[in-house]
Amino acid sequence: MGEHIQNGDALLTLIPHLRRAVGMGEPFRNYDAVMGAVRRIMRDLGIGARHITISTVGLVPEIRRLADEIGTGDLGEIKLAISLHESSDAARSALMPVNRKYDLETLLDACRYYVDTTGRRISFEWALIAGRNDDMGSARALAAKLRGIKCHVNLIPLNPTSGFGGQPATLPDADVFVRTLEQSGIPATVRVRRGIDIDAGCGQLADAASKDTAALRLAAKA
């Protein structure tokens, strides 16, 4: 299937024909190991930084650290994505407990720092959950939070998994969500759901929950 690259506690599986590195867990929990693996991917396999995206639940110190290293180091045009999923502290804290350590204001300040320091756009991941965060009101609230940040929103109808009881938003509701964001000047794209047949949730709530648990343990030690 692909080549495994192990560096410290980080394990990435590179799928050559897709040029995709799939990681396990919260990458910023093992920041040095993951960045070492990223450098190996670029150096040894010849994959450019612009083809690599690091996705995090939002560990603020590491977001700022990455911004500084991109600005002064050899990481080039590596991309950053934030698993957001909710636009209020109460809702996000219930879904992702790391928000109790780094609330939305603190997280978005770090995202602004990233954009200002690197000059690069940041991505936000939003798993669309039917009846929870897929309506026009949620889209307007998200747009208000992201106003002024150079960003793009990736919308993914939730992959139902055994670890989370929500259901995916319908494609018509997803399209309305996109239009609502774009009317507020926030570019967005609905992504295709993958891995439904194997109960996969990478980049979504099952994965975010496992990342978040690990990230919260790390944050508690900070």
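**Salt bridges and a charged patch in the predicted model**

At 31% relative accessibility, Arg-40 counts as partly exposed, a class lying between buried (under 20% relative accessible area) and exposed (over 50%), with a 1.4 Å probe and protein chains only. The model is predicted, so local features need pLDDT of at least 70 and side-chain atom pairs pLDDT 80 or more, whereas totals for chains, interfaces and linings use all residues. Residues are numbered from 1 along each chain as its sequence is written, and side-chain values use heavy atoms, without hydrogens and water.

The protein contains seven helices and eight strands, taken as DSSP runs (H or I, at least four residues; E, at least two) numbered from the N terminus. Of its 222 residues, 48% are buried.

Nine salt bridges are counted, each a side-chain nitrogen of Lys or Arg within 4 Å of a carboxyl oxygen of Asp or Glu. Arg-40 pairs in this way with Asp-44, with 3.3 Å between the closest N and O atoms. Both residues lie in helix H1, four residues apart, about one turn of the helix. Asp-44 is also partly exposed, at 43% relative accessibility.

Glu-69 forms a salt bridge with Arg-39 (3.8 Å, N to O). Because Glu-69 belongs to helix H2 (residues 60-72) and Arg-39 to helix H1 (residues 31-45), this pair ties together parts 30 residues apart in sequence. Glu-69 also forms a salt bridge with Arg-65, where the closest N and O atoms are 3.0 Å apart; these two residues both lie in helix H2. A network of salt bridges links Asp-32, Arg-39, Arg-65 and Glu-69.
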